[in-house]
Amino acid sequence: SSEGPRDSAILRALDIRRFDLSIRPDEPETRFYIGNVPVCSPGNITAISAAVKTGKSAVVQAMLAAVLTEHPDDCDCLGVRARNPRGLALLHFDTEQSPFDHWQQTERAMRRAGIKAPPAWFESYCLTGLSVLEARSAIDAALERARERHGGIYAVVIDGVGDLVLDVNDSGETNVYAA
């Protein structure tokens, strides 16, 4: 029979994470809303999941456009709202589309936002053709560089996150960043 954890380091880590009604964490600044409902905030992962060809890419375009637009009331972002007043990096990675389709999707997001050129803090990359390990390394490098260039990260949008693992059923691989 198991007697429970004896490792004092893990017990200290556990104690730090114990709920304490008297210590309310700072509320994170919401990054994206759909209507008036907050859907994405720093430190959380938000997934868009639906059947093939049901409009997931259109939602991604709307999310990008909502951050990119200077005139949110003048564009249709499918109800998505976002503001990036500090000009933090907005990173977009496409792991599924061909370079042409990636270009079209990104250009469509810019048109939806009503802008003719992307702001310096917006970086979009087509990662198709890279191996899983190369694509993950590329994302890590882009995050580090964008953090330095723009003073932080506003949001990271990955279209096709399943393409960043060799086996989606391998919990060891899919949870590697959770530690």
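Modeller: Strands (E, at least two residues) and helices (H or I, at least four) are DSSP runs, numbered from the N terminus. This is a predicted model, where local features need pLDDT of at least 70, side-chain atom pairs count only at pLDDT 80 or more, and totals for chains, interfaces and linings use all residues. Residues are numbered from 1 along each chain as its sequence is written, and side-chain values use heavy atoms, with hydrogens and water left out.

Biologist: Okay, which residue takes a positive phi in the hairpin of β1 and β2?

Modeller: That's G35, with phi near 65°; two residues sit between the strands. β1 (residues 32-34) and β2 (residues 37-40) pair antiparallel over three bridges, and Y33 has P38 as its bridge partner in β2.

Biologist: How do strands in a sheet hold on to each other, and in what order do the three strands come here?

Modeller: Strands of a sheet pair through backbone hydrogen bonds, either parallel or antiparallel. Here the open sheet runs β2-β1-β3, with antiparallel pairing. β2 and β3 (80-81) are the edge strands, each pairing on one side only. Two bridges join β1 to β3, and I34 partners V80.

Biologist: And at what angle do helices α2 and α3 pack?

Modeller: Axes are lines fitted to C-alpha atoms, for helices over the stretch in contact (heavy atoms within 4.5 Å), and angles run from 0 to 180 degrees between N-to-C directions. α2 (residues 56-68) and α3 (residues 99-113) pack at about 50°, with axes 8 Å apart.

Key: Two strands pair if DSSP finds at least two bridges between them.
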